[in-house]
Amino acid sequence: MDPVEIKVEARMHYLSKLYKEPPPLSLLDKILTDEGVQGARVAIKENNMTGRLIGHRHELVEHRIPENADVVAKAKEIAAGGADLIILDLELTDLLAVADLPEMADKVLLNIRLSDDDLRMEQCRQNLFHLPPSWAMRADALAQYLVWKKWTNWFLIAGKGTKDQQYAAAIKRSATKFGAKIVEEKEYKYEAGSRRVDSGHQQIQTQMPLLTQTRADYDVIFAADAEEAFGDYLMYRTFIPRPVVGSQGLVAVGWHRSFEQYAGTQMQNRFERAANRAMTERDYYGWLAVRVFGEAVLRTNASDAKTLKAYLLSKEFGVAGFKGQGLTFRAWDQQMRQPILISGPRALVSISPQEGFLHKYFTTDTMGFDKPETKCRFVRN
Amino acid sequence: MLRTTLVCAALFPIFAPAEAATLFVSNEKDNTVTVIDGESLKVIKTIATGARPRGMILTPDNKKLIVCAGDDNRLDIIDTTTLEVERSLDSGPDPELLDIDSKGDRIYVANEDDGMVTVLQFADGKVLAEIPVGVEPEGMAVSPDDRITVATSEQTSMAHIIDNATLKVVANVLVDVRPRVAEFTKDGSVVWVSAEIGGTVSVIDAKSYKTVKKFGFEIPGVRPEVIQPMGIRFSNDGKLAFIALSTANRVAVVDTATYEVKDYILVGQRPWHLTMNEQGTKLYVVNGLTNDMTVVDVASLKPETSVPVGRLPWGVMVKP
């Protein structure tokens with residue numbers, strides 16, 4: 001076919017800071033500095049493979065700035081350049097500083113990094129959409145599986161980091177929601193440190209049984225260690241032989257290298273060819289963010305924030321993300337509805353929602369904060 | 001491997017009468033094709049193939065079955081009399097589905113991982129063209145008059161129309177999210193394209209390449225997001241279309257004149273591809289999650305029986 005005349009141009013901005021992140025505890029996980037953006041790069045090619053056939057051109061503009069750089073100044077600069085579609089790979093303070101700029105009020109911002117429940121509740125913003133599952137969704141996804149297994153006595157061990165505490169709060173909420181019991185709760189007080197232990201396994205071997213000795217029996221240890229201080233050390237070292245779930249062990253995630261269903265294999269292969277490494281969860285949401293915009297541009301023949309936002313919130317929108325159903329946004333908090341993978345370290349175990357957890361409209365809405373519970377009140381301008 | 005084959009041959013001597021139909025089911029997870037006798041519905045043989053066998057097509061003379069072995073990047077050619085893999089063709093990366101022209105000369109293969117359609121000469125496997133299409137091409141259908149080929153691409157949500165004379169894409173038709181299967185009506189006037197995530201079927205005119213109709217499905221008590229149209233097959237008289245609805249565990253029966261759904265036939269879990277016998281009296285539906293094949297009586301639209309096959313059955317073909 002002859003080249004098609006370009007009728008629609010869509011420019012997507014990727015704004016991130018190169019934060020110093022806690023290193024993964026396992027030496028099998030590489031320390032990465034390009035998570036998220038690698039996924040976006042793969043997706044922009046896909047958008048253009050489609051776009052070139054119908055006269056759409058998509059461009060990804062990357063703004064990846066040092067941790068000590070001024071993100072607000074950068075965001076103002078991007079807005080002044082006429083940006084409408086912005087992907088935010090930012091931590092909370094930076095994310096809110098950008099989202100609350102008057103210049104950003106009528107843009108479409110996609111959060112691909114944070115699981116904070118607050119962002120979907122009291123701290124929601126009308127210009128901000130969330131792609132990764134919230135902590136509440138992750139905890140509910142695991143809780144449904146554990147209830148199905150009848151493993152309902154949980155021993156919660158949380159780290160002291162902010163994200164650890166957020167996840168721990170969500171786990172407690174899930175226990176109440178699904179009728180499980182937190183029989184014991186402890187805090188792991190050490191900071192996330194070096195992941196190298198060298199001859200240190202003896203220390204961990206004596207420390208973990210002590211940490212996991214309780215008066216009450218429990219079915220599982222529910223670890224809330226989002227900041228990677230101890231979760232991987234629990235396995236095979238617990239006082240009584242029990243599985244570990246939560247942030248390590250059996251995890252609730254949007255993407256995992258072991259996932260292959262619904263053409264997931266093709267995505268894993270495409271990504272690895274492009275990035276020379278496995279796709280992480282943040283890479284997946286970077287990919288999905290560009291595809292969300294891509295799908296909306298494809299169907300509306302437009303690339304302005306107003307048209308696309310209306311489309312993303314309409315009944316017509318649904319993007320394919322290898323989960324066997326169209327992914328859509330909840331109108332009340334602009335969180336993406338999605339099935340959640342329940343995966344062990346080396347193989348997929350299940351996908352939630354589990355059979356039998358019913359909902360009047362979407363079974364995926366059994367995970368996270370449903371409409372009647374929402375504390376999000378959008379301030380429309 | 002050789003030993004297994006010998007044992008199978010000894011246990012199941014092949015003396016099927018010439019007129020009995022033979023069914024072939026590809027088992028994605030087992031790396032096999034199950035061969036079933038059309039009369040007795042007994043398994044005659046399980047043929048080992050390359051890794052991840054999915055799409056299959058019979059040559060027009062019914063002598064060979066061509067199987068896409070996706071993870072081995074090749075096509076296995078099975079002789080439908082000896083039931084042995086007699087040769088393999090290099091298909092390009094990750095073949096998923098394919099079709100063959102009415103003369104049996106050319107094979108059109110969707111390379112899912114690669115965004116290409118590969119056109120091969122069946123006789124010697126010579127590659128005639130590699131045609132770039134959208135992301136994750138899947139459905140392939142050659143028109144009955146061999147004039148055009150329709151390829152669908154899942155991530156791009158399009159039906160690509162390829163002119164078979166020039167082997168160039170002449171039109172791209174936007175359909176709903178994740179198109180899977182393309183199937184021409186018997187008269188070749190339109191091609192039906194199923195969209196798995198969109199939950200709809202688009203009917204595209206084979207001359208103007210315009211969408212003339214799009215319709216969805218509503219089943220009481222079944223959530224809309226699990227209704228995922230997949231395989232399509234028309235009745236011999238062309239009056240009915242049978243559409244596998246995947247996670248809705250049903251086959252829809254659609255009136256091709258009015259596009260109204262006449263019935264939903266309950267089958268196994270995740271019905272994927274389906275086909276019909278030569279007389280048009282039986283419909284065979286393979287169910288991915290229950291590892292079986294449902295046999296449906298076309299006159300009564302009732303499921304009759306279920307035949308266990310291998311793991312994750314994907315495609316099904318009937319040799320008359």
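**Contacts between domains and between chains**

Author: Across the interface of domain 1 of chain A and domain 2 of chain A, the rule finds 2 salt bridges. Please note that this is a predicted model.

Reader: Why is the pair A:Glu91 and A:Lys163 called a salt bridge?

Author: The N to O distance between the side chains of A:Glu91 and A:Lys163 is 2.9 Å. The limit is 4 Å between a side-chain nitrogen of Lys or Arg and a carboxyl oxygen of Asp or Glu, so the pair qualifies.

Reader: What makes up the side of domain 1 of chain A that touches domain 2 of chain A, by class?

Author: That side has 10 nonpolar, 4 polar and 6 charged residues. The area buried between domain 1 of chain A and domain 2 of chain A is about 1600 Å², with 52% given by carbon and sulfur atoms. On the side of domain 1, A:Leu25, A:Leu27 and A:Pro133 lose the most area, together 38% of what that side buries.

Reader: How do you know that B:Asp113 forms a salt bridge with A:Arg273?

Author: The closest N and O atoms of B:Asp113 and A:Arg273 are 3.9 Å apart. The cut-off is 4 Å, and therefore this pair also counts. Across the interface of chain B and chain A the rule finds 3 salt bridges.

Reader: Which elements give two or more residues to the side of chain B that touches chain A?

Author: They are strand S14 (158-163) and strand S15 (168-174) of chain B. S15(B) gives the most, with 6 residues. The residues on that side of chain B divide into 11 nonpolar, 8 polar and 13 charged.

Methods
Residues numbered from 1 in each chain as written. Chains lettered and ligands numbered in written order. Predicted model: local features only at pLDDT ≥ 70, side-chain atom pairs only at ≥ 80, totals over all residues. Heavy atoms only, no water. Buried area = accessible area lost by both parts, 1.4 Å probe. Nonpolar A, V, L, I, M, F, W, Y, C, P; charged D, E, K, R; others polar. Helix = DSSP H or I, 4+ residues; strand = E, 2+ residues; numbered from the N terminus.
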